[in-house]
Amino acid sequence: SCGSPKKNDNQKTTETVQTDSPKPEMIAEASTPAPGSNPTDQSETVKRGEKIFKDKGCVVCHQLDVKLIGPATKEISKAYAGKKENLNSFLKGNSKSIIDPAQHALMEPQIAITKAMSDAQRMAIVEYLLSIGH
């Protein structure tokens, strides 16, 4: 029906049914490259991190070169250079900022957002931030 070709009674119809297809969110998580993998994967992680950073509104407070409400992303990158796990810990809500701890209260509502992210999403943001200025 509905525009499908007509078949005569002598033709057999075969239909393929796929059962164990992964859910879209599983595909997204599975396609996240592991930290330290090849540079192409790393650049994809950085791009994904930049998109998440922008989509979640982080750019409202964090500009590239200018301190607005929060430190500039270049300042974050410089302060956390070689300290990937420290930045991840901060975004998980497990530690204070090493840049301006006095402003930690301003970041608390946003920490609730980054804390709720998957590890892959949070690490993509970390990779993005650490890539700035390099």
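Ala, Val, Leu, Ile, Met, Phe, Trp, Tyr, Cys and Pro count as nonpolar, Asp, Glu, Lys and Arg as charged, and the others, Gly among them, as polar.

This is a predicted model: local features need pLDDT of at least 70, side-chain atom pairs count only at pLDDT 80 or more, and totals for chains, interfaces and linings use all residues. Residues are numbered from 1 along each chain as its sequence is written, and side-chain values use heavy atoms, with hydrogens and water left out.

**View 1. The protein chain has 6 helices and 0 strands.** Follow the sequence along and you get the pattern α-α-α-α-α-α. (Helices are DSSP runs of H or I with at least four residues, strands are runs of E with at least two, and the numbering starts at the N terminus.) Of the 134 residues in the chain, 29% are buried. (Buried means under 20% relative accessible area, exposed over 50%, and partly exposed in between, using a 1.4 Å probe and protein chains only.) Now take the contacts between residues at least 6 apart in sequence: 51% of them join residues at least 24 apart. (A contact means heavy atoms within 4.5 Å.)

**View 2. Here we look into the largest pocket, with a volume of about 460 Å³.** Of the 26 residues that line this pocket, His62, Gly70, Pro71, Phe90 and Met107 are the closest to its centre. Helix 4 (84–92), helix 5 (104–116) and helix 6 (119–131) are the elements that each give two or more residues to the lining. Helix 5 hands over the largest share, 6 residues. Sort the lining by class and you find 16 nonpolar, 8 polar and 2 charged residues. (On a 1 Å grid over the protein atoms alone, a pocket is an open set of points where a 1.4 Å probe fits, with protein on both sides within 12 Å along at least five of seven lines; lining residues have an atom within 4 Å of a point. The volume is the space filled by probe spheres set on the points, which are joined across faces, edges and corners.)

**View 3. In helix 6, Asp119 pairs up with Arg122.** Their side chains meet in a salt bridge at 2.4 Å, N to O. They are 3 residues apart in the helix, so the gap is about one helical turn. Arg122 counts as buried because its relative accessibility is 3%.

**View 4. Thr73 belongs to helix 3 (residues 73–79).** Thr73 counts as buried because its relative accessibility is 2%. Who does Thr73 touch, leaving aside its neighbours within four places in sequence? Its contacts are Phe53, His62, Gln63, Leu64, Leu129 and Ile132. You have already met one of these contacts, His62: it is among the residues closest to the centre of the largest pocket.

Definitions and conventions
A salt bridge is a side-chain nitrogen of Lys or Arg within 4 Å of a carboxyl oxygen of Asp or Glu.
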